[in-house]
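Subject: Structure handover

Hello,

My notes on what was found follow below it.

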Amino acid sequence: MKAPYVPLLITLVFNLWVWRLFGENLLVGCMVFVNTLMLNFLFLKGTPLRNLVWFLVGFLILVVLQVTTTERVFLTKLSADEQRIIDLRVREYPIYKLPIGYWLEARPESIAVLRIQRNIFENLDPNLYFFANHPRQRVWVKEFEKFPYIFLPFFLYGLYFLMRVPQNRGVFLVFLVPLLVAGFIGNKNALGLFPLFPLLAVSTARGLEPLTKHKRLFTGLLILLLLVFIQAYSYEKTP
Amino acid sequence: MKKHLNTLLLGLVLVASIFLRFYKLAEIPGGVYVDEAAIGYNALSLAETGKDEFGKNYPIFFRSLGTYSSPLYVYFVSIILRFRELDIFSVRILSAASGVIATIFVYLITRELRLFKSNPLQVLVSLIFTTFPWTVFTSRGIHEPMFAFSLLLAGAWLWLLSEKRSLYAIPSLVLFAVSTYAYQAERLIVWLLVPILFWYTGRRRTKYFAAGIILFLLIQLPQILISFTPGFSKRASGLFYLETIKEQAEKISFLPSFLTLPLSFAREFGGRFLTYLSPRSLFFEGDPDLQRSLPELASGYSWMVIPYLMGCYLLFTNWRKKNVKLITFLALISITPAALTGDPFASLRALTFSFPLAVVITLGTEKIRDHTPRLLFSFLFLGVVVGSGLYLWRSYFILLPNERAKAWGYGFEELAERIAKDQGTHYLIDQTRIKPAYIELAFYWKYPPKELQKRWGQETLKNYYTDTKFDSYYKFANVETRSVIWEEDIYREQIIVGDKFTISEEQAKEHFLTKVFEIKDKLDEEVIFLGYQTDPVKKCEFTRFANERCKKN
């Protein structure tokens, strides 16, 4: 089957994330869509400089949108209960090790490092993108299915395949930026970490490509995909 | 010289392993968890009478607490009790020793698999394995998983040796079979692992392999014989999330149930399976169960995420190598039993995954080392070793004994001492929320097993594996354990023991109950037990002897 954009089209159509992005914020939705196309084009054409620059400009806009749409979380501000726990913890240290206890528990730097780690690790969880964070849903946010879980093996294969090409590796490093930004500003964004969407979508599409050469397998996959999409949509609609 | 360096490094790793597992073993975790008490007491019962707490002769699975837990650890502790008295050290020592033994086998297996170019990297796998918070924690108070894992590793190493000498296949398969009696997860893992090992070493038609298989099946016979009883499947069926699958299937619109059920299962299983590979679960959040985790520390250290991701990539790129395939398959089958249970991250059931995880992290570390200036790498390596040690010390030796004391049964020792000193008073321990108190008290008192066995008759023994209901009601010594019956218990002269929710201030006032003792946690913050003395005379006078019990008294 010679239709290089079919896998990308399938990836874009059969995920709830992009529809939510368009529904909640049209600008974000459009930018994500455009960036995905640009990234796909970039990998197809072997990262020529001009295309790279355009992609980076679009990506920067996405990161700015991430910052502006995220409710900022302070890295060192403590609630009364958190302060109580810290005071309790410092007391747990033996008297001659109190300075260490204070450094590990009460210093703003230690608190900030812990929160940055928490924010980053939340976004490094593959369940966040393929299983609506199930079974470790976060209590303070309504999780939603981003990509159908059936895309996961294709995402992994596509990611590996793209990373094998040395010219692509620099582009991958760029996606560390929104991760680090989220580390500092938090994850309180109903749209999720959308600057990562192009990477996920393009990798999945790349992983789907080999399957397009086998008509029966591909048809089977589409049927399965439709069923899983119905499942994801049903969970989304059920309170 | 290089050989001596390797031996020296391994020696240092073992010293670290022994220290991390034996230092203050009896004191940390503080308290005796109910499962530990059950293991210890049943071991005592076996040692003294040859029967468990119910009076069953050498059971295949222990019915204690209605869990039908794996028996091997209890049998080994009963041997230890022939040389030591029953205390928490006697119960924990086998698990701690298993952790050290597992470290040795991790090194040996890594060497046999020839995964790394240099020998020190094989030692690094052992170092990472032995210093994982995951393995330190499970060596020091969770017992069965690490014991079973050490048997499994021993079996795996012998299997790899059987490539050169087939005779080793016999002890290998025997150890695999025996490990299924040590922990529940091994019952599934072994059956998945053995075919994979056959594939790895190629088909073997020697008499030794045949003998090994026969012995393997013979050892499995006791389990097979009771496999159709509710007791055999109780643990597994209780943990499997069948109800969740059905609920989620009902939410799916427009599709018939023969499609919605498999879809629902795929999502539930897939989500749980992936959690065990997620950096968030492995290196930041860990097990949500307070008794099965460390405060502020996950199964691994947060810095490990970088070599972990690198190592995962390297598994892909080196997929054609047989030893890489083996590690990958081992990782996937290690997670399977845990992914079939409802817990979001059951660290105990997935303990076997700690070995392939250590290998993957070392693969990633090797790659990083190859692309980093030597001095910088040495500096970073030293930094992570010191940092990891500091955070392990903080979580395990400072925070755990204080914050998680209640989760580990802290308070029962003091309660047992108090009740023992007050033999003339009847104590009623409320079981609405408190873990089964009878086994904790029996443990601390070393209560004569023959006396406790008297509670159970022939009917219980006959239905040992079929009647799986757990009854927390016990009456022995001067203690009774059950839920409070308000219409009766306040009219009896006794002390009612409960948690802070058992008796409110209003109830205490209404029923003329006087608080006589309070047991708090180690931080002196949270109340664990409260004891209230009843006053039937005042209560009867107040109610004008309306209650029948007043007339009886």
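Is E109(A) buried, partly exposed or exposed? At 38% relative accessibility, E109(A) counts as partly exposed. Buried here means under 20% relative accessible area, exposed means over 50%, and partly exposed is in between (1.4 Å probe, protein chains only).

First, the ground rules. This is a predicted model, in which local features need pLDDT of at least 70, side-chain atom pairs count only at pLDDT 80 or more, and totals for chains, interfaces and linings use all residues. Residues are numbered from 1 along each chain as its sequence is written, chains are lettered from A and ligands numbered from 1 in the order in which they are written, and side-chain values use heavy atoms, with hydrogens and water left out.

**Chain A overall**

Chain A has 13 helices and zero strands. Helices (H or I, at least four residues) and strands (E, at least two) are DSSP runs, numbered from the N terminus. The C-alpha trace of chain A spans about 70 × 45 × 30 Å along its principal axes. Of the 239 residues in chain A, 52% are buried. Take the contacts in chain A with a separation of 6 or more: 74% of them come from residues 24 or more positions apart. Contact means heavy atoms within 4.5 Å.

Chain A carries 25 positive and 14 negative side chains. Lys and Arg count as positive, Asp and Glu as negative; His and the chain ends are not counted. The centres of the two sets lie 12 Å apart, with each charge placed at NZ of Lys, CZ of Arg, CG of Asp or CD of Glu.

**Salt bridges**

Over all chains, the structure holds 34 salt bridges. The criterion is a side-chain nitrogen of Lys or Arg within 4 Å of a carboxyl oxygen of Asp or Glu.

- E109(A) pairs with R107(A) at 2.7 Å, N to O. R107(A) is partly exposed too, with a relative accessible area of 23%.
- R92(B) and E36(B) form a salt bridge, also at 2.7 Å, N to O. R92(B) sits in helix α4 (residues 88–113) of chain B and E36(B) in helix α2 (residues 34–49) of chain B, so the pair ties together parts that are 56 residues apart in sequence. Both R92(B) and E36(B) are buried.
- R492(B) and E480(B) pair with their closest N and O atoms 3.5 Å apart. R492(B) is in the loop between α23 (486–489) and β4 (495–498) of chain B, and E480(B) is in strand β3 (residues 479–482) of chain B, so this pair ties together parts that are twelve residues apart in sequence. R492(B) is partly exposed at 29% relative accessibility, while E480(B) is buried at 6%.
- D125(A), R136(A), R280(B) and E285(B) are joined into one network by salt bridges that share partners.

**Nonpolar cores**

A nonpolar core is a set of buried Ala, Val, Leu, Ile, Met, Phe, Trp, Tyr and Cys residues joined through side-chain atoms within 4.5 Å. The largest has 152 residues. Those touching the most other members are F176(B), F283(B), F355(B), L357(B), L415(B) and I429(B). Helix α7 (residues 144–161) of chain B gives the largest share of this core, 14 residues. Not counting residues up to four places away in sequence, L357(B) touches F132(B), W134(B), L282(B), F283(B) and Y308(B). Apart from this core lies another, of 65 residues, among them L16(A), F154(A), F194(A) and I252(B).

**Backbone checks**

Which residues does a cis peptide bond join in chain A? H134(A) and P135(A), with omega about 0°. P135(A) is in the loop between α8 (126–130) and α9 (152–163) of chain A. N133(A) is found in the loop between α8 and α9 as well. N133(A) has a positive phi of about 65° although it is not a glycine, and it is buried at 1% relative accessibility.

In chain B, a cis peptide bond joins I28(B) and P29(B), with omega about 0°. P29(B) lies in the loop between α1 and α2 of chain B. Y58(B) is not a glycine, yet has a positive phi of about 35°.

Best regards
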